[in-house]
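Hi,

Here is the structure I promised to pass along.

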Amino acid sequence: MATLAQAPSRTDTTAPATGAPRLSPSVRHLGPNWYAAVMGTAIVANAGAALPLTGPGPRTACQVVWGLSVLMLLTLLGARTVHWVRHGDQARRHLLDPAVAPFYGCLAMALLAVGGGTLAVGRDVIGAPAAVAADAVLWTVGTLAGLAGAAAIPYLMVTRHRIEPGSASPVWLLPLVAPMVSAALGPALVPHLPAGQWQQALLLVCYALFGMSLLATLLVLPLVLSRLLHHGPLPLALTPTLFLVLGPLGQSTTAVNNLADAAPGVVDPSTAHAMGAFAVLYGVPVMGFALLWLALATALVVRAFRRGMGFSMTWWGFTFPLGTCVTGAAGLALHTGLAAFDWLAVALFAVLVTAVAVAGTRTAAGLAHGRLLTPPRPVTP
């Protein structure tokens, strides 16, 4: 199984000979998986805004984290543009590698997460009109990129990639869950559209995005579980990707709750009532399964730590999926009135903040020491 960022291609004339010093950091080895750091940072602001926390302190903290996510996104977009312009051969290698190509779904989710945070907490900083406009642009671009990735990456997996038996990975979910992120964040834009057809169209488009992502996820999840049961745990460095399964679970729960919130006044009362009921009838069982998977994934991560799992960029896989479970639990608390879901959301948020702090600190240290942008070594089982 390959790493998240591949080793230099044969055309890379900068590769050192055997015994030579390691290469200096280079944007050449900046893979699409780096967008996961933007996603993981932005979800802290989005999840914090959904919690039942009052007072200026938490709101200000969310605004600071949102601002950081904006800076990270702009920096990474610039660096990835340089990567494509100067190192097109490596970028094409990423697309043709089944272990790396799914991470292109992270681009769409990074755009969507930052856009959602702009409307949720950034409006207090830049003003409501600017926040709505920014979110509309980022949601539109992110949704189009997500749809392109959800179609193109499976196409490449079928026609160009060589998939070995027993190599199914939670990473395969990344391009498939991007439309679900659009479905979860799109309802916030509904009130800002003209009443009538425009609002109804966006609401139903979000339900369509929910459906396509959910059904695609249901096709891939059994492959992931079968791989674990028949071939054992993932390689140590890839064990954190098990948390990616929480992404479609928490995000779909968030989506149905947000859609139910946006439905009154957009569709007829009976349909809006049905959407509210569906949010609870769907969300509660799925959240239950998410907690079950969280327990399994945590146990396997603890096992990997005991066997010497070190830091890698896969640690950002702990963050965004946990954040979606926070927003999912907060939505269920609102629609059920159960304080237990509020406590669950707060507890998961505490874990999320810890995970982001650890991953962010280790990433900053790795960049400062030049370890994260050097040619990676292959990961073997």
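The largest nonpolar core has 114 residues, and M109, W139, L203, F243, L246 and L352 are those with the most contacts inside it. By nonpolar core I mean a set of buried Ala, Val, Leu, Ile, Met, Phe, Trp, Tyr and Cys residues joined through side-chain atoms within 4.5 Å; buried is under 20% relative accessible area, exposed over 50%, and partly exposed in between (1.4 Å probe, protein chains only). Helix α9 (residues 269-306) gives the most to this core, with 13 residues. Helices here are DSSP runs of H or I, at least four residues, numbered from the N terminus.

Before you read on: this is a predicted model, so local features need pLDDT of at least 70 and side-chain atom pairs count only at pLDDT 80 or more, while totals for chains, interfaces and linings use all residues. Residues are numbered from 1 along each chain as its sequence is written, and side-chain values use heavy atoms, with hydrogens and water left out.

Back to L352: leaving aside residues up to four places away in sequence, L352 touches I43, V44, A47, T319, L322 and G323 (contact means heavy atoms within 4.5 Å).

T118 sits in helix α4 and counts as buried because its relative accessibility is 4%. Again not counting residues up to four places away in sequence, T118 touches W66, R123, I126, A131 and A134.

Cheers

How values were computed
Helix = DSSP H or I, 4+ residues; strand = E, 2+ residues; numbered from the N terminus.
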